[in-house]
Amino acid sequence: MARKARRIGWRTRALGLLLLAALAGGAWLWWDLQRWRPDETAFPDQGARIGAADGAVNFRTLRALGASFVYIDASDGAKGRNLRFGNQLAEARAAGLQVGAVHRFDPCTMADGQSANFVTMVPRDPALLPPAIELSRIAQECGERVGDAAVESELMTLINQIEMHAGKAVILKVDPGFEERYHLAGMLERHLWLTRTRFPPEYAGRPWLLWTASTSLQTEAAEGPLRWVVVQP
């Protein structure tokens, strides 16, 4: 009985040590993911994506940390707006950062209303980076049924309208779920912006220009986590 009790005790201690090691490893990984960003020697051109929900951002500190550009959320569908866009644009420029604007595509809404919303928020300025259209929302979220052909048609109309306003080709920020549903990345001849934490993304089936390498980077530039973006060298 004593020998059996010793074996049980040893197994309990071993299990406890394994659990402790797993917890320690998980804690380190969580800490590391909050601070990791791609090596600047491999990706010299780096920046961040900024939205209204990110709160106050010190763009000068962001510049000092190695950012050369920011993309700022400007509009969402036909009505959503980042009311801080104008101030954030001015502050980013004052800090010496290049700036681009992001519009979030809404498959439930006609393109005309969405482009009008974008134009209202974003000035026609040749100094701005190419605008980005985020493709993350799918038509299954709409109140009424929207077919795939309608989604593609309205998206192409929106692309053309925003490009006419900006004078530059848009960048398509394609999220994994959207690409899995519609498979448009290979059909639309625009630069791609993809997302995958730590590891370069491959889900679009062709090369990307921008990569959100971290969605939870903790920096001195903001109280909350930032989305860190790099450019394909």
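Modeller: The buried residues of α3 pack against β1, α2 (59-64), β2 (67-76), β4 (98-104) and α4 (111-121). Helices (H or I, at least four residues) and strands (E, at least two) are DSSP runs, numbered from the N terminus. It's a predicted model, so local features need pLDDT of at least 70 and side-chain atom pairs 80 or more, while totals for chains, interfaces and linings use all residues. Residues are numbered from 1 along each chain as its sequence is written, and side-chain values use heavy atoms, leaving out hydrogens and water.

Colleague: Which residues in helix α3 are buried, and how wide an arc do they cover?

Modeller: Buried means under 20% relative accessible area, exposed over 50%, partly exposed in between (1.4 Å probe, protein chains only). In α3 (residues 85-94) that picks out F85, Q88, L89 and A92. They sit on the same side of α3, because the arc (from directions between helix axis and C-beta atoms) is only 100°.

Colleague: Is W36 buried or exposed?

Modeller: W36 lies in the loop between α1 (2-35) and β1 (46-50). Not counting residues up to four places away in sequence, W36 touches R198, W211, A213, S214 and L217, where contact means heavy atoms within 4.5 Å. Its relative accessible area is 19%, so W36 is buried.

Colleague: How far apart are the C-alpha atoms of W36 and Q218?

Modeller: Along the chain, W36 and Q218 are 182 residues apart.
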